[in-house]
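Please keep the sequence and the structure in view while reading.

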Amino acid sequence: MSSSTTERPRSADPSKRTKTLIGLTILLAALVTVGVALLLINIMERQQEGEEQFFRVADIDERTVDPAIWGQNFPLQYDSYKSTEQMETTQHGGSEALPHEPSAQDPRTVVTEQKIEVDPRLVQMWKGYAFSVDYREKRGHAYMLLDQRTTRRVTEFKQPGACLNCHASMPTIYADLGKGDVNKGFAELNKMSYTDATKLAEHPISCLDCHDPKSMELRITRPAFVEGIKQYKASVGVQDFDVNEDATAQEMRTYVCAQCHVEYAFPGEGKTLTYPWKYGLSVRDEERYWNETGWNDWTHELTGAKMLKAQHPEFELYSQGVHSRAGVSCADCHMPYEREGGMKVSNHQVRSPMLNVNNSCQTCHNTTEQELKDRVGQIQDRHLHTRNQASQALDELITDLEKAVKEKSASPENIEVARNYQRKASFYIDWIVSENSNGFHAPGEALRVLNDANEAARKGQLALRGVITPDTPAEGPAAAESTPNPTATN
C-alpha cells in the first residue's frame, strides 16, 4: 500500500525577515535623508543666490574705471546704470530731449531746456557770472562729464580743475596725481585749470567712485566730503568722525550721493573744493560760514554787490526733511531695491521717484500711486508759487539798486546795505533754485528759506529809500551770523 504526502512550505526564517525589514527601513530612511538634504541644499542655494553680491567673471580692482568691466560681474546693476542715458520728464522738471545743432565746441545732438530762458530773472540774478549764459535742466549721470565739458560756462569762462571733482570718476585720478596719496592728488587737481584736468578723465561717475572693488561695500572717495562731514559731525558734538569707519550702512546710502549733491566753493589760491558745514547744514549755517571766511563768488555786474553762488544742496535740504528724520536714505527713493529672480538689486538708474512710485514710495506709503503723485505735485506747486514771489522781489531790488548806483540817488552807506541784502536774498533763492527737488526734500524749510529771501529783498529796497540804514538794528535769530562782510574779496 502506497501513500502520498503533501510537502508543506517551510516558514521563512524569522531572522532573515527581520534583516530584510531593517534593510528596507534603512533604505527608506536614506532616501528620505537624501531628499531632505537635497531640499535643504536647494533652499540654501536660493538663499545664497539672493545674498550673493556678484558672480566673478572679470577681475576688478582700484584701477578698473570702466563701468562696462564691472558690468560683467554685475549685469543687472550695469543695465540700470546705462539707463541713466534715458531722458524723462516729471510734472515739474526732468530732462526733455531737445534737438541741438552740433558744433566743434559742442558735439551734442540733444540737449535739455534752458532754465534761464524759462525764467529770465535768473540772468539778472547771476549777471556777470557764468550761469547767466548757460543753465540747462539736469540730465542723468551718463551725461555729467559730457555736459560739463560742453557747457558755455566752461567753453567761454576760465574754470578751475576743482570743477571736475563731481563730474568724473575720480579715484584713479587722485591716486595718479598724488603718486598714491589721494589727498595730495586732490590738492593737485584743484589747482589745475579745467582744460588740463578734464584731459585726465575717461568716464563720468562710475562704480569705482562708490564701491570698494574687493568687498563691494559703499565707500566715500571724495576728500572734500570726508572733511566736510567731519566738520558737520563736530558741530553736533561728534568729534573725529571718520566717515568710512564710523558711518552706518544706511548712512552710507546717503553719503555716497552727498559726495557731490551739496553746496560748495573753491576758496583760496589752491582752489580747494570746500563744503561750508562748520556750523551746520542749513542755508543760514552756510551763509554764516561764507561770510565769516570772506568768500565771494563774483561781483554783480549791475549793482557791484559781492555775491555768493549756490550749487546744488540736495543733501543739505534733505537733511532737514521728514524722510531724513525717519532714516530714509537717498538710495531708498532714488535707487530703490527691486527683485530680479531670487536677487534683491538696487536700481542704478538714479532718477526721480515719481518715475518709479511703486518701488520708491509704495514700499512705505500704503496708498495709490496717483495719490502719491498728487501729494508731491501739490507740495511743488506751492513751492514754485513762493519761489516766484521771492524771485520777483529780488529782481525788483536789483533794478532799483542798479538805478541808485548809476544816479547816486542813495547814500553810499545805504547802497552798501542794499547790496548786502541783495547778496543774502540771491544766495537764498539760488540755494533753492539749484536744489533739484522743487522743495520736496523739506517743504517747510524750503518755504522758510524763500520767505527769508523775500524779506531780504524788500529790506534792500527800503534801504535805498533810507528807511533802513547801517544803524538799523538787525532782526532775527541768525542776523549776527548772516551779516556779510562788504569789504571781502575772493
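In this predicted model, R153 lies over the face of F131, at 4.0 Å from the ring centre.

**Aromatic pairs**

The ring of F131 also has an aromatic partner, Y129. Both residues, Y129 and F131, are buried. A pair of aromatic rings is described by the distance of the centres and the angle of the planes. In total, the model holds 19 aromatic pairs. Two of them are set out below.

| Pair | Distance between ring centres | Angle between planes | Arrangement |
|---|---|---|---|
| Y129 and F131 | 6.1 Å | 5° | stacked |
| Y255 and F315 | 6.2 Å | 80° | edge-to-face |

Planes under 30 degrees apart count as stacked, and the planes of Y129 and F131 stand at 5°, so this pair is stacked. Planes over 60 degrees apart count as edge-to-face, and the angle of 80° places Y255 and F315 in that class.

Which parts of the chain does the pair of Y255 and F315 tie together? Y255 belongs to helix α13 (residues 249-258) and F315 to helix α15 (residues 314-318), so the pair links parts that are 60 residues apart in sequence. Y255 is buried, with a relative accessible area of 7%, and F315 is buried as well, at 5%. Both residues belong to one aromatic cluster, formed by F225, Y255, Y275, W277, F315 and Y318.

In soluble globular proteins, nonpolar side chains tend to be buried together. The largest nonpolar core of this model has 46 residues, and W126, F427, W431 and L464 have the most contacts inside it. Two or more residues of this core come from each of α5 (121-125), α14 (283-293), α19 (369-407), α20 (412-433) and α21 (443-464). The largest share, 10 residues, is given by α20.

Which residues does L464 touch, leaving aside those up to four places away in sequence? They are L397, D400, L401, A404, A410, N414, I415 and A418. A second, separate core has 39 residues, including M144, L164, Y174 and F241.

**Helix α19**

Helix α19 has 39 residues and reaches 57 Å from its first C-alpha to its last, close to the 57 Å expected at 1.5 Å a residue. After α19 comes K408, whose phi is positive, near 55°.

How values were computed
Residues numbered from 1 in each chain as written. Predicted model: local features only at pLDDT ≥ 70, side-chain atom pairs only at ≥ 80, totals over all residues. Heavy atoms only, no water. Core = buried A, V, L, I, M, F, W, Y, C linked by side-chain atoms within 4.5 Å. Buried < 20%, exposed > 50% of the residue type's maximum accessible area, 1.4 Å probe, protein only. Helix = DSSP H or I, 4+ residues; strand = E, 2+ residues; numbered from the N terminus. Contact = heavy atoms within 4.5 Å. Expected span 1.5 Å × (residues − 1). Phe/Tyr/Trp six-rings, centres within 6.5 Å; stacked < 30°, edge-to-face > 60°. Lys NZ or Arg CZ within 6 Å of the ring centre and 35° of its normal.
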